[in-house]
Amino acid sequence: MTTSVLVAEDDRVARDLLCEILRGEGFDVEAVDDGAGAIERAVAGRYDLVVSDVRMERSGGLDVLKAFTERAPTTPVILITAFGDVTGAIEAIQRGAYDYVSKPFNVEELKLTVARALERKRLVAEQKTVPSDARTNLQDIVGKTPVMLEVYKLVARVAASMGELKDTDVAMAYLPPGWIGQNLFGYVQPMVVGYCICCPESSDTMLADMREMGPTYFLATPRVLETLAKQVSLRMEEAGGFNQRLYRYCMAVARRVSARTLAGEALSFGDRLVSMASDLLMRGPLRDVLGMSKVRVAYTAGDAVDPDLLMFFRALGINLKQLYGSTETGFFVAMQRDGAVKPDTVGSPVEGVELKMTPQREILVRSPGLFREYHGDAERTAQAKNAEGWFHTGDAGYLGPDGQLRIIDRMAHVGALKDGTPYAPRLLENKLKFLPYVREAVAFGDGRDTVCALIDIEMAATSRWADKQSISYTGYADLASRDEVYALIADCIATVNAQLASEPALAQSQIHRFVILNKELSADDGVLTRTGKLRREVIAARYRALVDAMYDGRTEVRFEPGSGEEAAPTEVKIRDVKVVAPAQTRRAA
C-alpha cells in the first residue's frame, strides 16, 4: 500500500524540492501552499504523514499541527523550521510535535525523520512501546541544546558593557539569529541604547550595503573578518605595480605605528606624518571600500581571532577589539578596552564577572548574566553549573599578571604531541587561515609524532591566481587537485612553519603534511557551525581515511564520501611541507 504524504509549504522552491525527494522514496505526495488548505485536508482526507512549514505566512504550520492533532491525531506531522529558529521549534514542542527538519534541507536528515515518524505511527497503531529515540531531538534543529536565559539579566549585562555606545550609532543585523551575539547586538542593545539597526539585503550584497548604511558600531565573527581581509589582499594583488608597492609600504608603517601605540610608546614626528599620509592615500580609501569608513568601534567574538588578523584591521585604522563570552554566560565575560588592547588576549573581565581556573586551566565563570538551565536537560545543567554558581566554559586559558584573559583553545582540543609538546590546533589553524589562499584549515596532532592538516582553499583567490598562471580547470574539485595549487599551498604553509620555528614553544608544532579537500567545508553539510566554527568530531569522522593516509606516509588515497554526500569517490593527493629548524637549533649551529 502506498504511503500518502501531504506537503504544506508556501515557498515554491522548498515545496518542489520536498515533493521531489518524497516522490523519489515512492510516496504518493500532494502539495498545498497555505495552512488553510492543509487544514481542510485534515478533515476531508486521510494521510499517513504531513510535512508543514512552521512559519507559513498564511495560516501557519502550528495551526496545521493543531488541526491534525485534534482531527487526525494518529497522523504524524513533521514541522519545517529555519536553522536556529528556536522559538518556532519550542512552540511546536509545546503543542505536541515530535519531528522537525530544518531549511536548508539535508536530504539524509529528511529521509531519516520521515522513516522515524512512520515507524512511530506503526508502533502506536500496534499498541507497542515507542522507543525514546523515535522522538527527534530539538538539538537537530538549533545545532545545540537550547539555553534558557532571563531577559532582565541580558539587559543588565548590556547595561554593564555599553559605556562607549550612543543613541546616534548605526549597527548591522546580519549574523545568524540563533547566535547570542546577534541577539544582544541586534535586538537587546538597540532597545537599551536606542541606536539604529540596519539589515543588508543578502550576504551577496553585504559589502555594497555596508557602504550605503555606514555603520559606526560593528560586530563580526573571525570568519567575517577573514573574508574581508582576503578581499583587500585580492584587490591589492590585482592592482600590481605602484599601487601594490604603496599598499605594502603604508601597511608596514601602519602596523609599526599601531604596535607602538598599543605598547604605550611615544611616536616620532616622522611616524605621525607618514601615518597621516598613508591614511590619506591608502588606508582611508580601503576603509571606504569595506564600508567601514564611519566605524567608531568594532568587536569580534564567536571564536578566537588570530592576533595578525586583529592587527591588520587596527592597522587599517579600525578600532577593532576582542570580546569573549558564550550563550550560557550572557555573552559578556571579558572584553578589551581602549588603551588596553593586547592582540593575544580577550581583555579583562566585565563588571560583575568572576573568573577562576581549575588545575587543568579550564575557565570557570560566575556572573549575574549566567543562564538558568539547558532546556529540558537537568542532568547537563548540573554538569555545567555547580551548586556555587560556577559555570564550566570548556575553554582552556589563564589570567595574566596584567589582569587580561588569554584563551588557549577548547579543553577537549588541547593535547600534546607524542613527544609531550603541548598542542593547541586553533592557534595553528588561525595562522593558516590568515593566508590569502586558505579558507579553512583543520589541524591534527594530538598523540601523534607530527602535525598534519586538511586544507580548504579560498576559491576566489586561488582561481584568480590560477587564471594568471594560465592554469585551466573545470571547477572547485578540479582546481583543488592541481599540482600547481598543491605547490602554492605548500609554499604558503612553509611561511607559517617559519613563523612557528621562531617561537620555541611552537617550533615542534610545524605542519609536516597536508591534503587539499575537493569540496568546501560548509555549515549545510554539518561540518561547520552557522558562525563558522569547526565541528571537529564530525570532520574527524568524515575525513578519517584522509587523516590516516597522511600519517601512514601515503602520497595518494582514494576517498569515498559518506552516505549523505552525492560526490563520487576520488583520488586525493597528499603532499609534504618544508619544515624549518627551530630558532634555538639554528643559533646553536
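A residue is called buried when its relative accessible area is under 20%, exposed when that area is over 50%, and partly exposed in between. The model described here is a predicted one.

Strand 9, residues 217–220, is covered on both of its faces. Tyr217 and Leu219 lie on one side of strand 9, Phe218 and Ala220 lie on the other, and all of these residues are buried. Strand 9 pairs with strand 10 (residues 297–300) in the parallel sense, over four bridges. Within that pairing, Ala220 has Thr300 of strand 10 as its bridge partner.

These two strands belong to an open sheet of five strands, ordered 9-10-11-12-13, in which the pairing is mixed. Strand 9 and strand 13 (348–349) form the edges; each has a single partner strand, so one side of each has no neighbour in the sheet. Helix 10 (residues 222–239) packs on this sheet and touches strand 9, strand 10 and strand 11, its direction making about 105 degrees with that of strand 9. Elsewhere in the sheet, strand 11 (residues 320–324) and strand 12 (residues 334–335) run antiparallel and are joined by two bridges. Leu323 has Met335 of strand 12 as its bridge partner.

In soluble globular proteins, nonpolar side chains tend to be buried together. In this model the largest nonpolar core has 65 residues, and the members that touch the most others are Phe185, Phe218, Met292, Phe313 and Phe331. Helix 10 supplies the largest share of this core, six residues. A second, separate core has 56 residues, including Ala443, Phe444, Phe514 and Leu521.

Met292 illustrates the links within this part of the model. Leaving aside neighbours within four places in sequence, Met292 is in contact with Met210, Phe218, Leu228, Arg287, Phe313 and Ile318.

Seven of the nine residues of helix 13 are buried, so the helix is largely enclosed by the rest of the structure. The buried residues are Leu309, Leu310, Met311, Phe312, Phe313, Arg314 and Ala315. They pack against helix 10, helix 11 (241–262), helix 12 (269–289) and strand 11. Just after helix 13, Gly317 takes a positive phi of about 95 degrees.

Helix 11 and helix 13 pack with their axes 8 Å apart, at an angle of about 105 degrees. Angles of 65 to 115 degrees count as roughly perpendicular, and helix 11 and helix 13 are therefore roughly perpendicular to each other. On the helix 11 side, the residues that meet helix 13 are Tyr247, Met251, Ala254, Arg255, Ser258, Ala259 and Leu262; on the helix 13 side they are Met311, Phe312, Arg314 and Ala315.

**Loop residues**

Asp169 is placed in the loop between helix 7 (151–161) and strand 7 (170–172). With a relative accessible area of 3%, Asp169 is buried. Its side chain makes a polar contact of 2.8 Å with the side chain of Thr216. Apart from neighbours within four places in sequence, the contacts of Asp169 are Glu164, Tyr195, Cys196, Thr216, Tyr217 and Arg296.

Leaving aside neighbours within four places in sequence, Gly302 is in contact with Trp179 and Lys533, whereas Ala304 is in contact with Pro222, Arg426 and Asn430.

| Pair | Separation in sequence | C-alpha to C-alpha distance |
|---|---|---|
| Gly302 and Thr327 | 25 residues | 10.0 Å |
| Ala304 and Lys533 | 229 residues | 9.7 Å |

Another open sheet has four strands in the order 14-15-17-18, with antiparallel pairing. Its edge strands, strand 14 (354–357) and strand 18 (405–410), each pair on one side only. From one strand to the next, the twist averages 50 degrees. Strand 14 pairs with strand 15 (residues 362–366) over four bridges in the antiparallel sense, and Lys356 stands opposite Leu364 in strand 15.

Definitions and conventions
Residues are numbered from 1 along each chain as its sequence is written. This is a predicted model: local features need pLDDT of at least 70, side-chain atom pairs count only at pLDDT 80 or more; totals for chains, interfaces and linings use all residues. Side-chain values use heavy atoms; hydrogens and water are left out. Buried means under 20% relative accessible area, exposed over 50%, partly exposed in between (1.4 Å probe, protein chains only). Two strands pair if DSSP finds at least two bridges between them. A polar contact is a pair of N or O atoms within 3.5 Å; within protein, one must be able to donate a hydrogen and the other to accept it, and residues adjacent in sequence count only if both atoms are side-chain atoms. Contact means heavy atoms within 4.5 Å. Axes are lines fitted to C-alpha atoms, for helices over the stretch in contact, and angles run from 0 to 180 degrees between N-to-C directions. A nonpolar core is a set of buried Ala, Val, Leu, Ile, Met, Phe, Trp, Tyr and Cys residues joined through side-chain atoms within 4.5 Å. Angles under 35 degrees count as roughly parallel, over 145 as roughly antiparallel, 65 to 115 as roughly perpendicular and the rest as oblique.
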